[in-house]
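Please read these notes alongside the model.

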Amino acid sequence: MRHTLAIARREIESYFVSPIAYAVMTVFTFVSGLFFSNMLVHYVRQAALADSQTQKFGRSDYQLDVPTVVLAQFFQNEAFLLMLAVPLLTMGLVTDERRKGTIELLMTSPVRGIEIVGGKFLGAIAFLAVMLLPLVPMFAFMGAGGSWEAGVITSGLLGLLLLGGAQIALGLFVSSLCENMLVSAIGTYGLVVTLQFIDTTGAVDGSIWTKLLGSLSFYARHLNSTRGVVAAADIVYFASWIALGLFLAQRSVDALRYKRS
Amino acid sequence: MVSLSHLTKKYGALTAVDDLCVDVREGEVLGLLGPNGAGKTTTLRMVTGFLPPSMGRVRIAGYDLFDHPVQAKQKVGYLPEQPPLYPEMTVRRYLGFVAALKDVPAARTKAAVSLAIERARIEDVADRRIATLSKGFRQRVGLAQAIVHEPPVLILDEPTSSLDPKQRYEVRELITALKGRHTVILSTHILPEVSDVADRVVIINRGRMMAVDSPANLAWRLRARASVKLEIGARAGDLVLPAEAVREALTAMPGVLEVRADIGAAGTITARVESPAGVDLRAEAAALVTGRGWQLLALSGESLSLEEIFLALTRSEDQGGA
């Protein structure tokens, strides 16, 4: 455990001096803010429209609970942003150690492969958590003008961490296969984008395939959390991806020593 | 302390290291000498557990590296050819990280890091980021990480290659200072390095062990010769001194085995007089040259270096293989 924490701590420290990580965090925060304010303005206008309809005609086509709708939409968009951001955060996890030769230090130390992989995963997910922090003032801003919807916010953030964790674990595995950071990023994009949208491929009817792919999709599984629902099945689903990613990464790191050079 | 038995590494049809057997005694400094591509790095990587051998065993301080990798690795400090540094970290933080990896108890980490910094003589740069350090300092930080957990066994892969002569001298000094505290295996293709610090030398070429012995014994076993190099002015007024005359005169001295004399640059003759090891002909040669009235420009004595031994060994191997 001490090895894992030491590796995690080093990983976090290196994120905070990495221009890539700062660029990702900055753009992520900026675009998140853009999405959030646009949605807030849009739905507040819709709600005002609905109010005036109700006043004039006694009824309205819209029944809007602005905070809930904004949060649901917002968290779905954030899932999309994570898909773009995470591969950039994971591309160097093992690849960079191989490039710098520090993998030789890790593998000749009395440290097991799972400790290396676990430490890197913890470090990356901790950085992701830090990256999500600037969202809180946005929620507070909305909370100040209406209701807080603490439940939706909590489940939404948890959902993002679970989704991000699955993406990180897969990215970590891809990184352990690659000697080149760009290849590592592209490979991870291929994997997480496919898993994000896999349910849209054969969605013609209610066949077994549609159901199967639907239950595999990151997007479909993530939806609940954007609506304030914390479902055990979803947690198990994302935890399984994390476990699979870490398992493959550990096997891959252990196998690195069999590669030439 | 470290025992390699029948250590072999094959990459497909290529055998990088072939049936290496050596026992390194406690406190001994073993030099691994060979040209680039001889299998030195591969050997050291197998000893540190970075590469699994195709065949053979490694035992470190009584622990088999395959059966008890954690215990065996705790006993080893390793400086790879490229020091495994994180450029964004400060030296002190980096060493703390390595100490945690190497199972130095948390309570002792700070003291262990300070001691390693002191022993590697990097106090002045201890709080600087590694990215800002010169190559020589990086190499010393690499050395500090190898000794931070005070391992009984120290493995250094080409510790002075790619350094300038001053840095090379300083790092060699450090290694000499580590002698006695650790059992050391170091590889190099720079010969004076092993003859300076090593108690025994293993010469490897193409993955095969050519010889194991002390530097002095290796020289003796090859019936090493001593030699004197002379530089003589060839022009005396209008006359030009023929190289053949110099050769004849020097060959006539007692105790000479062989003389070579050639026309050198800018009107000089260079001559090389070889004699059995231990026979010093410098004074006689000087007296002879000046006695003839020739101009003696330079004179130096040398005994057969490891370089020549090494060349002799690898050359005979190449001929045998052809």
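The numbered points below take the topics in turn.

1. Basis. This is a predicted model, in which local features need pLDDT of at least 70 and side-chain atom pairs count only at pLDDT 80 or more, while totals for chains, interfaces and linings use all residues. Residues are numbered from 1 along each chain as its sequence is written, and chains are lettered from A and ligands numbered from 1 in the order in which they are written.

2. Helix pair in chain A. Two packed helices are described by the angle between their axes and the distance between the axes. For H6 (residues 113–132) and H8 (residues 150–177) of chain A, the angle is about 140° and the axes are 10 Å apart. H6(A) is therefore oblique to H8(A) (angles under 35 degrees count as roughly parallel, over 145 as roughly antiparallel, 65 to 115 as roughly perpendicular and the rest as oblique). Axes are lines fitted to C-alpha atoms, for helices over the stretch in contact, and angles run from 0 to 180 degrees between N-to-C directions. Helices are DSSP runs (H or I) of at least four residues, numbered from the N terminus.

3. Contact of that pair. Residues in contact (C-beta atoms, placed from the backbone, within 7 Å) include Phe121(A) and Leu128(A) on H6(A), and Gly164(A), Gly165(A) and Ile168(A) on H8(A). By class, the contact of H6(A) with H8(A) has 13 nonpolar, two polar and one charged residues (Ala, Val, Leu, Ile, Met, Phe, Trp, Tyr, Cys and Pro are nonpolar, Asp, Glu, Lys and Arg charged, and the others, Gly among them, polar).

4. Gly156(A). This residue is found in helix H8 of chain A. Is Gly156(A) buried or exposed? Gly156(A) is buried, because 26 other C-beta atoms lie within 10 Å (20 or more count as buried, 12 or fewer as exposed, and partly exposed in between). Gly156(A) touches Leu71(A), Phe75(A), Ser225(A) and Thr226(A), not counting residues up to four places away in sequence. Gly156(A) and Arg227(A) are 71 residues apart in sequence, yet their C-alpha atoms are 7.5 Å apart.

5. Helix pair in chain B. The axes of H3 (residues 91–101) and H4 (residues 106–119) of chain B come within 9 Å and cross at roughly 120°, so H3(B) and H4(B) are oblique to each other. Among the contact residues are Leu95(B) and Gly96(B) of H3(B) and Val113(B) of H4(B). This contact of H3(B) with H4(B) has seven nonpolar, two polar and one charged residues.

6. Domains of chain B. The domain assignment gives domain 1 (2–221) and domain 2 (225–303), with bounds from an automatic or database assignment. Their C-alpha centres lie 44 Å apart.

Terms used:
Helix = DSSP H or I, 4+ residues; strand = E, 2+ residues; numbered from the N terminus. Contact = placed C-beta atoms within 7 Å.
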